[in-house]
Structure formats: C-alpha cells, structure tokens
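Opening the notebook on a new model today.

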Amino acid sequence: NTEKLLNICKEWLKSSPNNPIPNYFIWTYYATKGGREKVRNLMPLAFGTEKDRSNALKLISFFKNLRVHRINSDDIRYESTIGHIYNVIGDFQKAIKFYNLVLEKRPDYAGVHINIAGCYRDLGKYDEAIYHYKRALNITGGTPELYIQLAWLSACKGNYDDAEKLYKKVIKRWPDYEDAYVGILELYKQEKKYAEMVRLCREMINKKILSESYVPYYYIGIAYFEKNNLNLALKYFNLAHNQKIKLDDYLYYEYKGRCYLSKGNYDYAEKYLKKSVEAKPTASGYFYLGNVYEKKGNYNKAKEYYAIGDAKHESVGSQDGQAYDGDYWADDMALAAVELYNATKEQSYLDAAKDFHNEADDVYCMPTYFFMDFGNLAPIANYDIYMEYPAQAYKWELRDEFYIMRDSSANSMAQYGYAHFDNHNDEW
C-alpha cells in the first residue's frame, strides 16, 4: 500500500513539516520509483545535512524502537533500514554492523551484500568489498554494475589484467554499457597505454558504439594531450563537447586551459581555466590557475589560487567525481603554496583556506600547510591539535605532502613543532 503510505505521510507533514520520519518514507517511495530530483530534494529533510545529523539520528531511534517491539523475530526490515541510514550519512562501521545482523538471518540477501560491499569499499577495505560483491554476483547471476565494481576494486589493488578482463566481460554481455568503456579507458590512461586507448576509441567511433557520447573523443583527446600533440588534443576535446551526450563544461574548459598552458599561451589558459572553476570549482582547476599566474609572474594571484585549491582538495578529497591521477598535482600544489607564501610574506594567504575549514567543521579538511611552521606560519603543536580535536586526532593520518621539507624523519619534524602520527604503531 505504498500510495496509501505516501498520502498518510503527506498529511503528517502538514502538521510537522520538518519531521524526518514522514520525509524518510516519502524519500523511500520516490527512491523506489526512480524520481531522482525529488529524492535529491528530500535527502536533507530526511537525513539532515553534513553538519546536522540530528534528523538521521531521530530516524535511527525511531526504527530501533520499532525493532524492539516487532512481532516477527525473523523480520529484518529494521536492521536493513537502520544500516541504510547509517550508510547514507557515511557512518560505514555502524552500517556494516546492522547489515551483518541482516545477513545472519538472510545470508543470500544480494542487496545487503552489495550495500555492505560499498561500505567496505569506501573504508578502503578492498578484500572485504570484493568478497561481498562476489557473493552478490553468485546470487544474482551477474549485473553489469557488479562486474564494474569488481573491476574497479581489482584496479585499486593493482591487478590491472584482472580489471581489464572484467570490463571486457561487461562489454561482451552488454555492448552499449558506457561505464565499462570508461573503466577500461581509465585503465589504459593509468597505465599510459595511449595507443591502446586510441585504438579502442576509434573502434567505438567506426562501429558507432555509444555514437552520441563524448567518451571516445574525450579519451582520444587525453591520449594526444599526454603525447604533447596539443592541436589534435584541442580538436578532440572540442568534438567531445559537441556530442549529444557532451563532455561536462568544467572538464572541457579545464583541458582547453591545460592545452594552452602547455603551449605557453597563458592568456588563453587563464581564460578557459577561469571558465572551468566557474562551471565547477574543483581543486584541480584552482591548481592549474595558480600555475598560470605563477608562470605569468603574478605571485599574489598564484598564491591565492593555490591556497583555495589546496583547501578545496583537503575538504573534498576524491569525492567530487574527479579522476585525481594519484593526486600528483596535490603534492605540487601544497609545495608551491608554501613557497609562494614564503616569497610574498603575506598573512592573507591563509584566509581562503580558513574559510573552507570553518565551514566544513572537520579536522580532515584543514589544509596541510595550516599545521606548518616554515618560520612564517604560527605552528600548531601536536598537543594543541589533540586538545582541540580529541575525537578525530587519534585517527587523523597526515598526508604525504606534510613531509614538504623533503625530510621524512619524525625527529626532524618534531623539532619544528609538527604533529606526527605514526601509522605503524597507531599513536601520536
């Protein structure tokens, strides 16, 4: 009686518009119907926001209470729902706990194996994720999404041959499944197999596979860009942007900007990279803009964009949908930011970074250089970090660019007043 439930919840909202419980059931209704826009709009009403998890906690309390009073002890809906809510708000360990309670009663519940695999994937526990995806694969007989996840995890573990075989298996069974082509092309890109990348893309174009998609033109553009054939790269990025399913504006402008940056045409590079960050303010876009201004000798502007870019990178990590290419530019950005700060001696350098931190309210998004000394920035000792962030400090792992002085000795770091987290011994 989903329609009846929907009407009850809508009536309920008239007297209690901010109540997460009816909003959650309406969210569930539209989620099963595939109403993406409504689902997106209902998310904060049901689960709260990143800063305010109170709605989600109210929901969890509601379902935990129902769980205590359930009539049928074999009913797993409450554990499944509680696990799903924890999953949505990013509390993956608790989600796993409740999903496992479901699997104790329903070990062949494919949907829960998929959900628990996603939690392990996001926690970086790839072996556990692979186990549960394979269980789901055996139960369902296989879906393209499951093969794609297994291929991606194989690549994360460095098993590129296995990943390629899995992507090809998807292409053989579902020849128009775009994510499989993107996956295998990303593999070639990662392994620098540009000839293979071009060959597959040309085959897609000739056989009219994904004929309205930007995908083959985009990856040919990347191959030519990496080979420094910048005019051909520009040609194919333009073709990718002109398809019916076109390349996103921000990536289109970013690659055009990077082509002109490599050509030494800094005015055009500035023009297109500005358009890129206007379309989507990504960390990489800010980094390349900083690079443009550094090449032009405008250190104040370079400093500003490196600072914003590094703060943006620290706050979103790899979650904003970008291919980070191993974060190779993030290390350069942190280094360049500190060097430029030292060159300009301006305290205003940190303003944009502090804004990101203050809005995000989380130690993880503090820019790396916020903790640095270098004779210019006030150092924050490990004691101060621990006192200010007692809950997070013990699990906060310092990024590689923290060793920006190119000296990885913990003792050398200590004399500069750095906090140091020893991953091997799990202690400060």
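Entry 1, the model. I am working from a predicted model, so I read everything below as computed.

I looked up residues 178-190 and found a helix of 13 residues. From first C-alpha to last, helix 11 reaches 18 Å, close to the 18 Å expected at 1.5 Å a residue. Next I checked burial: Ala180, Tyr181, Gly183, Ile184, Leu185, Leu187, Tyr188 and Lys189 are buried in helix 11. I noted that the list includes a lysine, Lys189. What do the buried residues of helix 11 pack against? I get helix 9 (144-156), helix 10 (160-173), helix 12 (194-206), helix 13 (215-226) and helix 15 (249-263). After helix 11 comes lysine 192, and its phi is positive, near 60°.

The largest nonpolar core holds 105 residues, and Phe47, Leu185 and Tyr218 have the most contacts inside it. Helix 13 supplies the largest share of this core, nine residues. Leu185 I already had on my list of buried residues in helix 11.

Is glutamate 79 buried or exposed? Its relative accessibility is 2%, so glutamate 79 counts as buried. Not counting residues up to four places away in sequence, glutamate 79 touches Arg67, Arg70 and Lys105, along with Phe98, Leu101 and Val102.

Technical notes: Residues are numbered from 1 along each chain as its sequence is written. This is a predicted model: local features need pLDDT of at least 70, side-chain atom pairs count only at pLDDT 80 or more; totals for chains, interfaces and linings use all residues. Side-chain values use heavy atoms; hydrogens and water are left out. Helices (H or I, at least four residues) and strands (E, at least two) are DSSP runs, numbered from the N terminus. The expected span of a helix is 1.5 Å times one less than its number of residues. Buried means under 20% relative accessible area, exposed over 50%, partly exposed in between (1.4 Å probe, protein chains only). Contact means heavy atoms within 4.5 Å. A nonpolar core is a set of buried Ala, Val, Leu, Ile, Met, Phe, Trp, Tyr and Cys residues joined through side-chain atoms within 4.5 Å.
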